[in-house]
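Please load the model in a viewer and keep the selection panel at hand. The stops below proceed from one selection to the next.

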Amino acid sequence: MPALVNYTGDDDFCVGGAFYTNSRDSGRSCSISSQVDLYCPSRKRARITAPFLFGETEFEQNNQPSINVLPDECLFEIFKRLSGGKERSSCACVSKHWLMLLTGIRRSEYESSKVVKENIVSVSDDVEMILSDESDGYLTRSLEAKKATDTRLAAVAVGTSGHGGLGKLSIRGSTSYRGVTDFGLSAVARCCPSLKALSLWNVPRVGDEGLSEIANECHLLEKLDLCQCSSITNKGLTAIAEHCPNLTALSIESCPKIGNEGLQAIGKLCLKLQSISIKDCPLVGDNGVSSLFSPEHSILSKVKLQGLNITDFSLAVIGHYGKSVTNLMLGGLRNVSEKGFWVMGNAKGLQKLVSLMITSCLGVTDVSLEAMAKGCSNLKQMSLRRCCFVSDHGLLAFAKFAGSLEGLLLEECNKVTQFGIIGALSNCGLKSLALVKCMGIKDVSLEAPLSSPCSSLKSLSIRNCTGFGTSSLAMVGKLCPQLQHVDLSGLYGITDAGLLPLLESCVAGLVKVNLSDCLNLTDEVVLALARLHGGTLELLNLDGCRRITDASLVAVADNCVFLGDLDVSRCAITDAGVAALSHAEQLILQVLSFSGCSGVSNKSIPFLKRLGKTLLGLNLQHCNSISSGTVELLVESLWRCDILF
């Protein structure tokens, strides 16, 4: 073998193939046998197929470089003795065949070869320090769509192996005819044992073989994300559990062949698991989910379960043994009844729960909501989406017992009315309240006197609640004097008369205000906003407020000294308003949008250039009065600014 490794190619050398081109030359084999050394390793296929021509005592290969004559075994031995990543990368660029050979060599095999050891001894201490720093695997690579192929993945694996190897790899989407397969993933496993995070999205040709190779070689793996991997089964997930004890985060989505068996292996062997997310996996049931919560070892802190065929049993297990859970998200659990949520709350095991998000679960009722409030004493963030059986009664009970609650979001909870909202604000120390598409809220005045103000509320978001009008807004304004962030987007019913009392009652000073698509608001609101809160306002969104004119921009220019983000898209703005903004010396706008403002024309370009001294983003889309040529000149002038047109 040393003779083969040290072969220089100066002498003719032949392996495989025939030594003669026809039968009558067969007698010459005896005459040349004493002059030609023949190496014939045991193998299943010939390494070369090009014909050789022999003379009486010599032969030559037709137009073939001598290095191509070497069998794969020899090339393996040569490649294993390459001293650095630069040399290996150079060899990988020679041909696809060499690239594939290099992917078959494990990184440990490079380090164990004598030549590499001798080189490491001979280099300086500084180089040794660099090599040790790079061995941690800190590089990140992402392949998407058509770029996600085995060849490209192999090149990434070989190229990064000499620089510490991959730390994070993401593959998102691949074509069905030349996408990533088990071969590409195996190449990464052999070349990059330092891999710590792997994300596979929509790669149907990757199966258990590739994932098992990752498990066998990448023992440092900490995060695994599998989405739409239709060929991966419990076998692949079990291999991960058996060989990757450092796994801390696992996400599985739309993997139809992964079920309880794989999750049971994870629960039994991955004792460091802290985060689990399972979505739309039809084979996952109670046995798989419950196995993740062990009374002795479970340190799970983040749990996300969506679209699974689990029952009340799983929620009972979570309620009893989820003692380390801080974030819990449950969605689309059609087989879980009111009893399941009730038991989860009354089990008193979720004492560390800080954030709870529930979406489209019919088992969430007033009774179960109250039980969860009593059992989760440290709950700070609560989100209920499309929970159609929750009413004012349940909301009031929840607010009463959830003493630590700081943030509440209700979306499409149509049994909740303004009575429940105002009661919740009066009974707990909320800092943030968000209402989205809650159609049960109607614009009626309360006859009973209002409760004490909720001085803790800093952020109020009421979006697309069509019944929320002037009367409701006035009541909220009286209850929440310390508001700093207000989002009222999509409230068609509110007018200046309803919003002005809220602006006047916010004594702390508004910082962010979103009034997009509030069609009935006029300049009077903006003038009051600029006058009362110009010293604190940082963001103002008036997109779609078609009754807003240049007068509002004049007020903003005169009063808003800290405003950094202004959106007046689809408003009645003209060149005069842009000019007023540009002459405001104290204004430091960074993001400005005039999208859909037909009154802004080429005459505004000098003013935009002046504003561009501080701008980082400018939106001029659908400004039909501005020509494309003018925008091109503006782009050249404002090279720091990202301009949309």
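**Stop 1: a pair in helix α17**

Select Lys374, which is partly exposed, with a relative accessible area of 37%. This value, like the others on this tour, comes from a predicted model. Because Glu370 and Lys374 are 4 residues apart in helix α17, about one helical turn separates them.

**Stop 2: helix α18**

Next, select residues 392–401, which make up helix α18. Its buried residues are Asp392, Gly394, Leu395, Ala397, Phe398 and Ala399. Display also α17 (366–375), β12 (381–385), β13 (407–411) and α19 (418–427), against which the buried residues of α18 pack.

**Stop 3: a network of salt bridges**

Which residues are linked with Arg570 in a network of salt bridges? Select Asp517 and Asp543 together with Arg570 to display this network.

Begin with Arg570 and Asp517, whose side chains meet at 2.9 Å, N to O. Arg570 lies in the loop between β19 (565–567) and α24 (575–582), and Asp517 in the loop between β17 (512–514) and α22 (523–533), so the pair ties together parts that are 53 residues apart in sequence. Arg570 is partly exposed at 43% relative accessible area, and Asp517 is partly exposed at 26%.

Then turn to Asp543, whose salt bridge with Arg570 has its closest N and O atoms 3.0 Å apart. Asp543 lies in the loop between β18 (539–541) and α23 (550–559), and this pair links distant parts of the chain, 27 residues apart.

Note on methods:
Residues numbered from 1 in each chain as written. Predicted model: local features only at pLDDT ≥ 70, side-chain atom pairs only at ≥ 80, totals over all residues. Heavy atoms only, no water. Buried < 20%, exposed > 50% of the residue type's maximum accessible area, 1.4 Å probe, protein only. Helix = DSSP H or I, 4+ residues; strand = E, 2+ residues; numbered from the N terminus. Contact = heavy atoms within 4.5 Å. Salt bridge = Lys/Arg side-chain N within 4 Å of Asp/Glu carboxyl O.
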